[in-house]
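Hi everyone, thanks for coming. Let me put today's structure on the screen, and then we'll walk through it together.

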Amino acid sequence: MQAQRHGEVFLEYKNGISDFVFSVLDKEAGAILKQKEAVDDNFIKTVEFISKIEGKVAFSGIGKSKGCAIRLAATFSSVGVPSFFLDPVDALHGDMGVLSDKDVAFLISYSGETKEIKNLVLNLKKIGIKIISMCSNKNSFLYLNSDFPICLSPVEEACPNGLAPSSSVAAINAVGDSIAFSCAAINSFTKEDFHRLHPGGSLGKMTGLKVKDVMRKLDRTPYVFVGSSITLAIEKMTSYKIGAVCVIDSDMVLKGYFSDGDLRRLFSQNKIGLFDKIDAVMNRYPVSISPDRTLEDAVLKMKEMGFDNIPVVDENNILKGIIDERDALIL
């Protein structure tokens, strides 16, 4: 009885946690969707202004807003809008010297009344720097003293006491992202541009590469000829450490494909003999890709189909190699 009661208590406790987790996710998701109300004329003018800026965007904030400012500065820079984080306290002790008359300050304060931000506003005005702001109160000091004010729709914080910035942080980040990506769209920011700015990242490395740049050539591709035994196909898969084998004719034309998944399925159904011909069990219409397609295309195709690898063939369906998901992961 005691063990049974313990199990019931645990189940109630577990369900209670799940319910609370769901409520947090619902509140934060709702806070983001509510920001559609923030898209007014000021919002549109802000996007247009940033998309044409000749200088840099200096993001600033205190507390949780500081984290948002740092993140958004990185996001804007990554899509071609040069940006950096300016600490509002350090700015009043000499760091404002980094600003030029072509720059704009993007200040974030959910209340719009943060002391450090108010002081920064006053001093930015003295040196003629335009101000973009993001807050939740149109009557706040920050909103009323900004050149391009954005008013967030007020949200309910997701923390148990309704105090710790949570839903508001999600809203700030989402609105900031919408501005950044709108600017990228207006400026026709391309995958090639992304690659240029992200040469060290896996996404950047993938962009611009062709399948032929990373595929395994024929000397590293497991293949057997039509009429070969299933035993030989398994040996090829094992020796090349790729869970599939290509089946070709004497002219190197791809005729089929056989994977370890096919092998396990046939074994479980008792529909295979090791000395049977591969022709009887191979996939006669395999998914393949051209060596001139982008690596990104290959990765997306493998993900879409749930494959670990696919054969690479030319326009005449002649086998040129194979590409494995690991070939993209090592970049």
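Here's one to start with: of the contacts in the chain with a separation of 6 or more, what share comes from residues 24 or more positions apart? The figure is 63%. Do keep in mind as we go that this is a predicted model.

Now for the overall picture. The chain has 14 helices and 11 strands. Its radius of gyration is 29 Å, whereas the globule rule gives 20 Å for 331 residues, so the chain is more spread out than a compact globule. If you'd like dimensions, the C-alpha trace spans about 85 × 70 × 35 Å along its principal axes. As for burial, 41% of the 331 residues count as buried.

Let's zoom in on one pair of helices. Helix H2 covers residues 41-51 and helix H7 covers residues 167-186, and the two pack with their axes 9 Å apart, at an angle of about 50°. That angle is why we call H2 oblique to H7. The crossing of H2 past H7 is right-handed.

So, which residues make the contact? On the H2 side, you can pick out Phe-43, Val-47, Ile-50 and Ser-51. H7 contributes Val-175, Ser-178, Ile-179, Ser-182, Cys-183 and Ile-186.

Key. Residues are numbered from 1 along each chain as its sequence is written. This is a predicted model: local features need pLDDT of at least 70, side-chain atom pairs count only at pLDDT 80 or more; totals for chains, interfaces and linings use all residues. Side-chain values use heavy atoms; hydrogens and water are left out. Axes are lines fitted to C-alpha atoms, for helices over the stretch in contact, and angles run from 0 to 180 degrees between N-to-C directions. Helices (H or I, at least four residues) and strands (E, at least two) are DSSP runs, numbered from the N terminus. Angles under 35 degrees count as roughly parallel, over 145 as roughly antiparallel, 65 to 115 as roughly perpendicular and the rest as oblique. A crossing is left-handed if the near helix is turned anticlockwise from the far one by less than a right angle, and right-handed if clockwise. Contact means heavy atoms within 4.5 Å. The radius of gyration is taken over C-alpha atoms; the globule rule is 2.2 Å times the number of residues to the power 0.38. Buried means under 20% relative accessible area, exposed over 50%, partly exposed in between (1.4 Å probe, protein chains only).
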